[in-house]
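Look over the sequence and the fold, then read on.

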Amino acid sequence: MNISRLTAPITGEELRQLTALMQEAVSLGASIGYTDATKQVEAMSRYWQRQSRALTQGDVQFFCARIDQKIVGIIGLEPCGKYNGSHRGEVFKLIVGQAWRRQGIAKKLMQTAVDSATQAGLKLLVLDTRTDDFTVTLYQSLGWVVAGEIPRYALSTSGEYQATTLMFLLLPRQ
């Protein structure tokens, strides 16, 4: 397995793989912005097309875990575009394919995003994740701190409103 930065433009094959990875995650109940893995496939594809443009403009970074040219995991990092927030960034869309879970891929992807943020001079990272999800414990094991919880934050794939937990990670000073 290797982890590399996704470059723009996203190729047709990468678009297909990223959409399939997202579709699988949503079908398993992931809270990543979509609620129906069947009806929202085109919207997922459009998401990645928009991200290709954001990559071109340098507004966002994505890191892919690949095994034999197959994308098995992804993570996004977006530096804050506000003048008073230029020291921070947001981590988002950490997705690992079901067949590849519990092999340390999520941890490696997260470490890659943290390393990239540190190299870019960021001082703070933030993320949000579904409160009742295993990811809260995963992120805490990587040093992330719970900042709070927002009730009824997102609609789940089962049609219920669920809480999200806000987390942060202070990066080393350089």
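## A strand pair

In this predicted model, strands E2 (residues 61-67) and E3 (residues 70-79) run antiparallel and are joined by 7 bridges. One of the residues involved is Ile67. Its bridge partner in E3 is Lys70.

## The whole sheet

E2 and E3 belong to an open sheet of 7 strands. The order is E1-E2-E3-E4-E5-E7-E6, and the pairing is mixed. Strand E1 (2-5) and strand E6 (145-155) form the edges, each pairing on one side only. On average, neighbouring strands of this sheet are turned by 25 degrees against each other, direction ignored.

## Helices across the sheet

Two helices come next. Helix H2 (residues 41-57) lies across E2, E3 and strand E4 (88-96). H2 runs at about 115 degrees to E2.

Helix H3 (residues 105-119) lies across E1, E2, E3 and E4, and also across strand E5 (124-130) and strand E7 (161-170). H3 runs at about 30 degrees to E3.

## A look at Val136

Val136 sits in helix H4 (residues 135-141). Is Val136 buried or exposed? Its relative accessibility is 11%, so Val136 counts as buried; the cut-off for buried is under 20%.

Which residues does Val136 touch, leaving out those up to four places away in sequence? They are Thr129, Arg130, Thr131, Val146, Thr165 and Met167. Take Val146 from that list. Val136 and Val146 are 10 residues apart in sequence. In space they are 8.3 Å apart, C-alpha to C-alpha.

Definitions and conventions: Residues are numbered from 1 along each chain as its sequence is written. This is a predicted model: local features need pLDDT of at least 70, side-chain atom pairs count only at pLDDT 80 or more; totals for chains, interfaces and linings use all residues. Side-chain values use heavy atoms; hydrogens and water are left out. Helices (H or I, at least four residues) and strands (E, at least two) are DSSP runs, numbered from the N terminus. Buried means under 20% relative accessible area, exposed over 50%, partly exposed in between (1.4 Å probe, protein chains only). Contact means heavy atoms within 4.5 Å. Two strands pair if DSSP finds at least two bridges between them. Axes are lines fitted to C-alpha atoms, for helices over the stretch in contact, and angles run from 0 to 180 degrees between N-to-C directions.
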